[in-house]
Amino acid sequence: MVTHVPAEAHGDERGALLAFIAEQRGGVRRAVLGLTDEQAGSRPSASELSLAGLVKHVAEVEQMWVSLAKGEPPAVVRDQSNWHECFRLVEGETVESQLAYWEKVAAETEAYIRSVPSLDDTFALPAQPWFPPDGRVSHRWLCLHLIRETARHAGHADIIRESLDGRTAFDLVAEEHRAVAEA
């Protein structure tokens, strides 16, 4: 664990889940600290993943899942024709623009999770071969899934960043703390 997630207020399960989502978002965000778009878009490991692509992907995925829970179409529809664009910046996109977009998505996620009557309430899964037919999941499942999805990619981001310039997640947390203290 690179950062500490404070204990939730007694009985604030939503707050606890949202805090863990935010903590994992921070891991991905910190991975791009001080990098140019070119550096963030590079692929220094055996993987096709880049830091810029990870930022874009986790923002899109979070937005898609919350839209699904709300019964709304996602902001970006991905299929076989454009799936590859989910993991890289395309014309006009920057790391900064993707981080700003993700900040809006995060605020929408928090507002939505805090507004649902119960974390036990469910929503339908899309008709995809990897989901059970007529499958439903709870809003609690949604939060746990966002934690898992973001944490997985935060780990990827750690490896990519260290491959780029040797900076570890611990280094980046310290840098972030220094910047906050100096502000």
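V32 is buried, at a relative accessible area of 8%. Buried here means under 20% relative accessible area, with a 1.4 Å probe and protein chains only. V32 sits in the loop between α1 and α2 (37–41). Helices here are DSSP runs of H or I, at least four residues, numbered from the N terminus.

A word on the model. It is predicted: local features need pLDDT of at least 70, side-chain atom pairs count only at pLDDT 80 or more, and totals for chains, interfaces and linings use all residues. Residues are numbered from 1 along each chain as its sequence is written, and side-chain values use heavy atoms, leaving out hydrogens and water.

Back to V32. Leaving aside neighbours within four places in sequence, V32 is in contact with A40, L51, V55, V95, L99 and R161. Contact means heavy atoms within 4.5 Å. Take R161: 129 residues separate it from V32 along the chain, yet their C-alpha atoms are 7.6 Å apart.

R161 also brings us to a helix pair. In α5, R161 is among the residues that meet α1, as are L146 and A157. On the α1 side, the residues include L17, F20 and R25.

How do α1 and α5 lie relative to each other? They are roughly parallel, a term for angles under 35 degrees. The axes of α1 (residues 13–30) and α5 (residues 139–165) cross at roughly 20° and come within 8 Å. Those axes are lines fitted to C-alpha atoms over the stretch in contact, and angles run from 0 to 180 degrees between N-to-C directions.

Last stop, T109. This residue belongs to helix α4 (residues 95–115). T109 is buried too, with a relative accessible area of 1%.

Technical notes
Helix = DSSP H or I, 4+ residues; strand = E, 2+ residues; numbered from the N terminus. Buried < 20%, exposed > 50% of the residue type's maximum accessible area, 1.4 Å probe, protein only. Parallel < 35°, antiparallel > 145°, perpendicular 65-115°, else oblique.
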